[in-house]
Amino acid sequence: METVSESRAFDGVQGVYHHASSVCSCDMTFAVYLPPQAKDGPVPCLWYLSGLTCTHENAMTKAGLQAHAAEFGLALVFPDTSPRGEAAANDEAYDLGQGAGFYVNATEEPWAKHFRMEDYIVKELRDLVLEEFPVSDCHGITGHSMGGHGALTLAMKYPDLYRSLSAFAPIANPSESDWGRKQFLAYFGKEEVLWSIHDATKLLKDKGWSSDVLIDQGTNDQFLDLLKPESLAAALAETRTPSSFRMQEGYDHSYNFVSTFGWDHVAWHAERLIG
């Protein structure tokens, strides 16, 4: 692992790091914020997964989560959203290929070699963060849009890894949306039965979630028809999953929305990770 940059922020350290990923077969960049409490020993860790077209940098610079993390004593991890570089497959469309990894392990060519973001997040990068930074193994996960989809599905698939869960405007039912069907067809092929394990609405009905969940969704979100929040809300009710599903009046899909409710989400995780 190489340090790209480190700077003081809210008495903690915001760093950006680079490493060779054996899982994604390319170099990857990620960011970690360490709160001031990390000087005294390992702290709990909150993962933030970003949306389409984003890198590690978008949430790091726009979401304003570092101040809240410093208040509560949580580390933040901001992974990239896909493999990068000339060797990794790509597409001219913004919603497929680089910047659109969907936090899944692709099985179809030309994506299968590099697009293994599920294993990257839950195994390789997690192990690296635990080894290199003063964080405990008490982790929560959140994300925005495609990252909200990733947070929900990874938490439900790997409940032993995450003790708390939330999402901002997640792609909630991707197997029934153009933000999902196109990508799943490319990454997994035509067998739609294989898609359901990457769909939060269907996964919740199949596997459930062992704790509670916080979801925020803006009513003026320009992508509401693609996100399908009503499907997830119905699944939460059907499975009787403890949840706070908040439709926030007037808010859109931007980082203005994320930053407005960022404190609520960090506090939510802190209560469950620290007590």
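Me: In this predicted model, which residues of helix α8 are buried?
Reply: Helix α8 spans residues 229-238. A residue counts as buried when its relative accessible area is under 20%.

Me: Which exposed residues does the face of α8 turned away from its buried side carry?
Reply: Exposed residues have a relative accessible area over 50%. On the face of α8 turned away from the buried side, the residues of this class are E230, A237 and E238.

Me: Against which elements do the buried residues of α8 pack?
Reply: The packing partners of the buried residues are helices and strands: α4 (146-157), α6 (200-206), β8 (213-218), α7 (224-227) and β9 (243-248).

Me: Which residues line the largest cavity?
Reply: The whole structure holds one cavity of 30 Å³ or more, and the volume of the largest cavity is about 40 Å³. Helices α4 and α8 each contribute at least two residues to the lining. The lining divides into eight nonpolar, no polar and no charged residues. These lining residues are L152, M156, L165, L204, W209, V213, L232 and L236.

Me: Which residues lie nearest the centre of the largest pocket?
Reply: The largest pocket has a volume of about 200 Å³. Its lining comprises 13 residues, and by class these are six nonpolar, six polar and one charged. Nearest the centre of the pocket are G51, L52, T53, C54 and H253.

Me: How many disulfides does a search of the whole structure find?
Reply: A disulfide requires two cysteine sulfur atoms within 2.5 Å. For C26, the closest cysteine sulfur is that of C24, at 5.3 Å, which is too far for a bond. C138 is likewise in no disulfide, as the nearest cysteine sulfur, in C45, is 9.6 Å away. The number of disulfides found in the whole structure is zero.

Me: Is C138 buried or exposed?
Reply: The threshold for a buried residue is a relative accessible area under 20%. The relative accessibility of C138 is 6%, and that of C26, which also counts as buried, is 12%. C138 is therefore classed as buried.

Me: What is the phi of S25?
Reply: S25 belongs to the loop between β2 (12-21) and β3 (26-34). With a relative accessibility of 35%, S25 counts as partly exposed. S25 is not a glycine, yet its phi is positive, at about 55 degrees.

Me: Which residue that follows α8 has a positive phi?
Reply: K228, in the loop between α7 and α8, is not a glycine and has a positive phi of about 55 degrees. After α8 comes a residue with a positive phi near 55 degrees, namely R240.

Me: What is the omega of the cis peptide bond that joins E109 and P110?
Reply: P110 sits in the loop between β5 (75-78) and α3 (117-132). The peptide bond from E109 to P110 is cis, with an omega of about 5 degrees.

Me: Which residues does P134 touch, not counting residues up to four places away in sequence?
Reply: P134 is located in the loop between α3 and β6 (135-143), and is partly exposed with a relative accessible area of 29%. The C-alpha atoms of P134 and K157 are separated by 26 Å, and the two residues are 23 apart along the chain. Leaving out residues up to four places away in sequence, P134 touches L34, A38, G41, P42 and V43.

Me: What distance separates the C-alpha atoms of A87 and F223?
Reply: A87 is part of the loop between β5 and α3. At 64% relative accessibility, A87 counts as exposed. A87 and F223 are 136 residues apart along the chain, and their C-alpha atoms are separated by 31 Å.

Conventions: Residues numbered from 1 in each chain as written. Predicted model: local features only at pLDDT ≥ 70, side-chain atom pairs only at ≥ 80, totals over all residues. Heavy atoms only, no water. 1 Å grid on protein atoms, 1.4 Å probe; cavity = no way out; pocket = protein on both sides within 12 Å on 5 of 7 lines; lining within 4 Å. Points joined across faces, edges and corners; volume = space filled by probe spheres on them. Nonpolar A, V, L, I, M, F, W, Y, C, P; charged D, E, K, R; others polar. Buried < 20%, exposed > 50% of the residue type's maximum accessible area, 1.4 Å probe, protein only. Helix = DSSP H or I, 4+ residues; strand = E, 2+ residues; numbered from the N terminus. Contact = heavy atoms within 4.5 Å.
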